[in-house]
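Subject: Structure handover

Hello,

Here is the structure I promised you. Please open it next to this email and follow along.

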Amino acid sequence: MPITADLLTAYYGALYADVTLTAPIPLYGPPGIADRLAGFLTNTSTRSPIESAFAVTELYDKHEATVGAVQLTTRAVEHGMAAFAVRMSSGGRSLVYSGDTAPCDNLTALAADCDVLLCEADAIGDGGGVHHTAEQAGDTAAASRSNRLIVTHVGRALSPADAARRAATRFGGQVEYAAPGATYVV
């Protein structure tokens, strides 16, 4: 499983920067994530430093959790390795984030009637079975009856504007690109 540099930065910041944690940072991830993080972040199998920084919860299909006023529900999705999409609901509004996945029934079911589907548009061609193309993101938004689609994780082969235009050919609702630094109201 690839680990992003963001976790490394958060780990060092939580433990060694001028920050005082009142509790470890909640971290939700696929099965085995704590052991993989220990190997990646500490270069040993010792997990205690990881758990000083992160309160690790391993996800599973249909996992549910509440963080503050937000209800989180995950579904296992198709990515060639353990991967999950998440539905975040609060105050009668919902946002579903696809994560990295090929189109799949679990994502469509999770996104059913959501207010916003935040969906990757990383692939070109057929998506290779592990990522959505822009057109497939539009198809998933339409099939799930999402109210709005925001494409993200756009591959280098497309411009963000082109990805949004291509997704809109398959989805009749509002389509936007998740621009860095932008704020979106759900």
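Two strands count as paired if DSSP finds at least two bridges between them. Strands here are DSSP runs of E, at least two residues long, numbered from the N terminus. Please note that this is a predicted model.

Strands first. Strand 4 covers residues 70–76, and strand 5 covers residues 84–90. The two run antiparallel, joined by six bridges. Within that pairing, Arg75 has Ala85 of strand 5 as its bridge partner.

Strand 5 also pairs with strand 6, residues 93–97. That pairing is antiparallel too, with five bridges. Ser89 sits opposite Ser94 of strand 6. Strands 5 and 6 make a hairpin with two residues between the strands. Look at Gly91 in this hairpin: its phi is positive, near 60 degrees.

Now the aromatics. How many aromatic pairs does a search of the whole structure find? The search gives three. One of them joins Tyr11 and Tyr12, with ring centres 5.2 Å apart. Their planes meet at 75 degrees, and planes over 60 degrees apart count as edge-to-face, so this pair is edge-to-face. Tyr11 also pairs with Tyr16, again edge-to-face. Here the centres are 6.5 Å apart and the planes stand at 85 degrees.

Tyr11 has 3% relative accessibility, so Tyr11 is buried. Tyr12 has 40%, so Tyr12 is partly exposed. Tyr16 has 57%, so Tyr16 is exposed.

Last, the nonpolar cores. In soluble globular proteins, nonpolar side chains tend to be buried together. The largest nonpolar core in this model has 24 residues. Val96, Leu117, Leu149, Val151 and Ala163 have the most contacts inside this core. Which elements each supply at least two of its residues? They are helix 4 (105–110), strand 7 (116–120), helix 5 (134–143), strand 8 (148–152) and helix 6 (160–168).

Leaving aside residues up to four places away in sequence, Ala163 touches Ala121, Ala134, Val151, Val154 and Leu158. Another core lies apart from the largest one. This other core has eleven residues, including Leu37, Ala38, Leu41 and Ala53.

Best wishes

Conventions
Residues are numbered from 1 along each chain as its sequence is written. This is a predicted model: local features need pLDDT of at least 70, side-chain atom pairs count only at pLDDT 80 or more; totals for chains, interfaces and linings use all residues. Side-chain values use heavy atoms; hydrogens and water are left out. Helices (H or I, at least four residues) and strands (E, at least two) are DSSP runs, numbered from the N terminus. Rings of Phe, Tyr and Trp (its six-membered ring) pair if their centres lie within 6.5 Å; planes under 30 degrees apart count as stacked, over 60 as edge-to-face and the rest as tilted. Buried means under 20% relative accessible area, exposed over 50%, partly exposed in between (1.4 Å probe, protein chains only). A nonpolar core is a set of buried Ala, Val, Leu, Ile, Met, Phe, Trp, Tyr and Cys residues joined through side-chain atoms within 4.5 Å. Contact means heavy atoms within 4.5 Å.
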